[in-house]
Amino acid sequence: MAAAQKHVLRVYVARDTALKLTLLERPKSVEELKEIMQDRFKPRLDGDFSLHYEDPDFDGDLCLLVDIQELPEKGTLRVVRPEGDISSTASSDTDILPCVSALQRQKSWPDHFVVPGFDYEMEHILEEGNRVYEESGKMLKLKRSQKSEILKKMAEMIYSFKPYPHEKELAIAAKALITAHPCLRMTAGEDGELGWKRHIGYKVASYRNNLAKVGVAEVAINTGRRSRNNPNNDHPHQNIKKARKAEVNYIINLPKDQTPATLETMREEIIHEVEKTERNQLVIGKLMNTTYALRRQEIVGALVAPRVRDVVDRWPALLMESQVFAEFHRINNVNLRNQFYKELDRHTPKFITLFRDKATKTGKIAEELAKLMMIYDLQSADCPDLTDTPVALLTVVMDDTIDAALFSPESICIVVEDEILVSGPTTLADSFLLLFGCKI
């Protein structure tokens with residue numbers, strides 16, 4: 001009989017609070033695991049939550065734990081609470097990332113463009129056309145309605161990524177179409193991709209115009225420009241308001257069940273909540289997510305770009321750390337904290353090599369870099385041996401610190417069972433408090 005698997009897990013119940021969980025065997029389901037955690041960490045995990053784990057297949061990015069077989073024997077889990085859950089502490093500083101509405105764009109331009117599927121008849125025609133092309137090199141001649149169907153599907157797929165694609169992106173889409181269906185190549189003597197690129201570009205523009213007529217905000221914002229009836233307005237192709245490279249949801253329509261008046265009421269509720277001594281982060285996050293459309297229409301739709309001070313006066317929650325990350329996620333659909341540290345870890349070795357090289361030169365910058373690298377080397381070499389340390393507070397001080405300054409160190413690390421679980425507090429009182437919580 002095989003030995004039972006032992007699991008040693010570090011569970012982040014809040015952004016800066018991690019607790020250790022040891023399991024002698026794998027739970028039968030994710031729900032059973034959550035019940036075990038609620039029992040062990042009571043009352044920290046009251047209410048509904050989901051579990052995310054660091055998936056090694058995706059360079060440690062977080063993935064939702066759905067199958068208990070994905071539970072690592074040794075790894076990190078993160079507790080994520082739904083936005084509407086106000087059972088957690090009102091002052092919780094856990095990152096609250098907004099849920100992206102189904103009407104909002106959820107992805108940017110892909111690294112590999114995938115041609116959309118067509119209806120059964122069109123797929124059959126293309127399949128037969130590809131077979132004939134492979135056998136004889138004869139290209140498929142489409143009817144006008146068939147070509148229109150292909151172009152419409154391509155326009156819809158492109159728009160799902162961005163409403164204003166660049167020429168290069170149109171060329172990528174055209175090339176993907178020709179690669180998937182070689183029989184669609186244009187007549188001899190003409191670049192097979194060039195013709196489709198031009199037609200797709202026209203179709204995307206037509207698709208944008210149709211959406212603008214029905215009031216889709218991100219394209220309707222550019223209507224009403226110079227025409228025969230409005231000769232003094234802006235030129236149709238100048239100062240187009242569109243998303244920058246990383247932006248996914250540049251400007252969106254108001255939620256169906258909301259009006260500018262109801263969203264303005266929510267904005268006032270946000271101001272009232274921010275002014276409280278103990279802010280309810282979950283309530284603020286939910287209100288900020290609901291009023292996102294109003295906020296973007298105020299900023300993007302203004303004839304003159306508003307000053308930063310005017311924006312934060314109307315939306316003071318944008319000055320909160322949690323809402324800085326949440327607003328970035330709303331616009332780009334990217335977890336700023338995770339992405340930043342992931343890229344920082346990836347580039348740090350090259351940075352260290354570059355800094356060491358620059359430190360060998362002469363000049364003030366080289367001198368400062370030399371001091372920086374010296375401190376880095378000392379910190380790397382001074383990692384203490386934590387073997388056989390059941391519970392401890394590890395203080396970090398400078399070399400020339402006097403004994404009295406030990407009560408105000410640079411930082412304090414909480415050690416439980418030979419591992420540093422939390423680092424950062426600079427007061428002994430806060431550190432003892434967290435240490436007590438980690439041992440419950």
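This briefing walks through a single protein chain, from its overall make-up to some individual residues.

The model is predicted, so local features need pLDDT of at least 70 and side-chain atom pairs count only at pLDDT 80 or more, while totals for chains, interfaces and linings use all residues. Residues are numbered from 1 along each chain as its sequence is written, and side-chain values use heavy atoms, with hydrogens and water left out.

**The chain as a whole**

- The chain has 14 helices and eight strands; these are DSSP runs numbered from the N terminus, with helices being H or I of at least four residues and strands being E of at least two.
- Of the 440 residues in the chain, 35% are buried. Here buried means under 20% relative accessible area, exposed means over 50%, and partly exposed is in between, with a 1.4 Å probe and protein chains only.
- Contact means heavy atoms within 4.5 Å. Among contacts between residues at least 6 apart in sequence, 60% join residues at least 24 apart.

**Two nonpolar cores**

- A nonpolar core is a set of buried Ala, Val, Leu, Ile, Met, Phe, Trp, Tyr and Cys residues joined through side-chain atoms within 4.5 Å. In soluble globular proteins, nonpolar side chains tend to be buried together.
- The largest core holds 25 residues, and those touching the most other members are Phe113, Ile150, Met154, Ile158, Leu184, Trp196 and Ile200. Two or more residues come from each of α2 (120-136), α3 (144-161), α4 (167-180) and α5 (192-213).
- Another core, of 19 residues, lies apart from that one, and its members include Leu19, Leu45, Leu71 and Val79.
- Trp196 has contacts beyond its neighbours within four places in sequence, among them Leu142, Ile150, Ala174, Leu184 and Met186.

- Val30, Leu33, Lys34 and Met37 are the buried residues to look for in α1. Seen down the helix axis, the buried residues of α1 fall within an arc of 100°, so they line one face of the helix; the arc is that of the directions from the helix axis to the C-beta atoms.
- An α-helix has 3.6 residues a turn, so residues three or four places apart point the same way.
- Glu35 and Asp39 are exposed on the other side of α1.
- The cover over the buried residues of α1 includes β1, β2, β3 (50-55) and β5 (74-80).

- His7 belongs to strand β1 (residues 7-14) and is buried, at a relative accessible area of 0%.
- A polar atom of the His7 side chain lies 3.0 Å from the backbone oxygen of Pro72.
- Beyond residues within four places in sequence, the contacts of His7 include Leu21, Leu23, Arg26 and Leu71.
- Lys28 sits in the loop between β2 (17-23) and α1 (30-40) and is exposed, at 76% relative accessibility.
- Lys28 and Asp67 are 39 residues apart in sequence, with their C-alpha atoms 9.9 Å apart in space.

**Aromatic rings and charges**

- There are six aromatic pairs in the structure. Rings of Phe, Tyr and Trp (its six-membered ring) pair if their centres lie within 6.5 Å; planes under 30 degrees apart count as stacked, over 60 as edge-to-face and the rest as tilted.
- Trp109 and Phe113 are stacked, because their ring centres are 5.5 Å apart and their planes are at 25°. Both Trp109 and Phe113 are buried.
- Phe340 and Tyr341 form an edge-to-face pair, 5.4 Å centre to centre with 75° between the planes. Tyr341 is partly exposed, at 44% relative accessibility.
- Ring pairs also link Trp109, Phe113 and Phe161 into a cluster.
- A charge sits over a ring if NZ of Lys or CZ of Arg is within 6 Å of the ring centre and within 35 degrees of the ring normal. Lys34 lies over the face of Phe49, 5.2 Å from the ring centre, and the charged end of Arg295 sits over the ring of Trp315, 4.8 Å from its centre.

- Gln323 is in helix α11 (residues 321-332) and is buried, at 1% relative accessibility.
- Setting aside residues up to four places away in sequence, Gln323 touches Ile284, Gly285, Met288, Ala317, Leu318 and Arg330.
- Asn333 lies in the loop between α11 and α12 (336-359) and is partly exposed, at 24% relative accessibility.
- Asn333 has a positive phi of about 55°, although it is not a glycine.

Note on methods. A polar contact is a pair of N or O atoms within 3.5 Å; within protein, one must be able to donate a hydrogen and the other to accept it, and residues adjacent in sequence count only if both atoms are side-chain atoms.
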